[in-house]
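Subject: Structure for you, with notes on salt bridges and a pocket

Hello,

Please find the structure below. My notes on its charged pairs and one of its pockets follow.

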Amino acid sequence: MTQPANTPPQTVALPATTLRASRPFCRFEWMIALRYLRAQRREGIISIIAGFSFLGIMTGVATLIIVMAVMNGFRGELMDKILGFDGHFTLYGASDPIENYAAMADRVKTVAGVNAVIPYIEGQVMVVSANATTGALVRGVRSRDLPKIQGIVNNCLRGSLKGFDHSNGVIVGFRLAQDHNIHPGDSISLISPEGPVTPFGVAPRMRSFPVSAIFDSGMSQYDQTMIFMPFALAKAYFARKGASAIEIMVKDPDRIADYEDALKKAASPAVRLVSWVDANATFFNALNVERNVMFLILTLIILIAALNIVSGLIIMVKDKTVDIAILRSMGATRSTIMRIFLIAGATIGIVGTLAGLLLGVVFCNHIEAIQSFIATATNSELFSPEIYYLSHLPADMDHGETAIIVAMSIILSLLSTFYPAWRAARLDPAEALRHA
C-alpha cells in the first residue's frame, strides 16, 4: 500500500541516551579527546606539536623544581656554615679590645634564649711553610668554647683537641693544610704585622706553632683562611689586653629582633651589637634577587610550552572541522565540543606537569651521583669549592614551593586551552559541512 503524497515523511526516533543527554566529562568525551591526540598519518603535525608541548612543560617544571631546590640548599648550607663559625650576634666593645670580656660574657649568658657566649681574639697573619705563603685569620678561643663551634667539631676533624689550652698548638682548615702540605704534628710559621715598635718602625712578629688538628667545615672560605689558637696564647702572641669581640649563639636565629634590646642592656649601652643578618645582608639579598629572577625566567619555559598547546589545539580544531560538524549534527552540544578540546589540552598540561614533577624529584634526590657522573664523563669540575664556597652541591626541595610550581603549570595549561575549545564550540556545523 502506497503512502499518500501529502503525508509527511516519517522520522526515526533517537534512542533515549543521546549525545545531548551525556553527562559532563563522560567516557564518550574522554574517548574522542584522547583519540584526537593519538598520532595518525593524516594528522601527524598535531601529534608532533602535542609532543613538543608535553616535553616543554615537563622540562620547564623539572628545571624550575631543580633550580629552586639547589638555590634553597645553597642558601641553607651557607647559612649553616656562616652561623656555625660567626655566631648569631657579635658584640664589639666601645673600646678595642674588650678588657672586661669575662664579666660581660657572664651578664650576656643570663639573657633568656642565649645558648652560648664565646669571647675571642682575632688577628691577621701570614702563613709560611716550605710549600707556600698565604694569608690567614687567627682566632683565639678557649678550649671549653670549641665544642660550641660547629664548623670545627665534626666527623671530619683530624687530630686531637685534648688539652688545647695548654698545647701551644693551632687548629687549621683542611684546604690551608692542603696548600701547605702539612699534617697533625707538623709545624707552621705565622708572621703577624702587629709586632713591637722599634726605631725603624713596627717589626713583624714571627713564631712557629705545632698543628694540633685539622678541621673540614665543608666551606672553602673558612677551610682555607681560618686558624684557631688557644685564647691565652693568642692574647700573648698579638699582645692584646682583652678580647677582640664576643660571639653570641641564640635559640632562634630567625627572630634576632627579639634578643637585641635584652643583649644590649645586659652587656652595656655603649657596645655595638651586629647580627648575622646585618653582617651578611648584601650577600643574602643578592641570593634572594637571583632566586626570584631565576624563578621568573624559568617560568617562561612553562609559558612557552603552554602557548604551544594553544597553537596545537587551534590546528586540531581546524583539522577536525568536519568531525565537529558531524558531532553537532548527531546531537552534541557546544558544551560537549568545548569539553572535548579542554580535555585534550588539559591532558597534555597535567601529564607533562606530573612527569616534570617526577623528573625533578628524582634529579634532586640523586643530584650528587648525577654531578659525579657528569664530572667524570666530561673530565671537568662542575662545582668548584673555590667559586661556590661549598664542597658539594646541595638540594633542598621546599614542599610548598614545589606545590606552587605544579599548580602554576596546571593553571597555565588549563588557561591555554580555553580559547581553542571556545572556538571549536562556536563552530557552525552547516557552514563547516558546506566548505568541507
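In these notes, buried means under 20% relative accessible area, exposed means over 50%, and partly exposed is in between (1.4 Å probe, protein chains only). The model is predicted, so local features need pLDDT of at least 70 and side-chain atom pairs count only at pLDDT 80 or more, while totals for chains, interfaces and linings use all residues. Residues are numbered from 1 along each chain as its sequence is written, and side-chain values use heavy atoms, with hydrogens and water left out.

Salt bridges

A salt bridge here is a side-chain nitrogen of Lys or Arg within 4 Å of a carboxyl oxygen of Asp or Glu. The count by this rule is seven.

Three residues, Glu-122, Arg-139 and Glu-247, are linked in a network of salt bridges. In the bridge between Arg-139 and Glu-122, the closest N and O atoms are 2.7 Å apart. Arg-139 lies in strand β3 (residues 133-141) and Glu-122 in strand β2 (residues 114-128), so this pair ties together parts that are 17 residues apart in sequence. Helices (H or I, at least four residues) and strands (E, at least two) are DSSP runs, numbered from the N terminus.

Arg-139 also meets Glu-247 in a salt bridge, at 2.9 Å from N to O. That pair links distant parts of the chain, with Arg-139 in strand β3 and Glu-247 in strand β11 (residues 245-250), 108 residues apart.

Arg-139 is buried, at 6% relative accessible area, and Glu-247 is buried at 2%. Glu-122 is partly exposed, at 24%.

Another salt bridge joins Asp-145 and Lys-148 (3.3 Å, N to O). Asp-145 is buried at 0%, whereas Lys-148 is partly exposed at 31%.

The second largest pocket

A pocket is an open set of points on a 1 Å grid over the protein atoms alone, where a 1.4 Å probe fits, with protein on both sides within 12 Å along at least five of seven lines; lining residues have an atom within 4 Å of a point.

The lining of the second largest pocket has 21 residues, and Arg-139 is among those that lie nearest its centre, along with Asp-86, Tyr-222, Ala-279 and Asn-280. Elements that give two or more residues to this lining include α2 (44-86), β2, β3 and α8 (276-279). The largest share, three residues, comes from β1.

Regards
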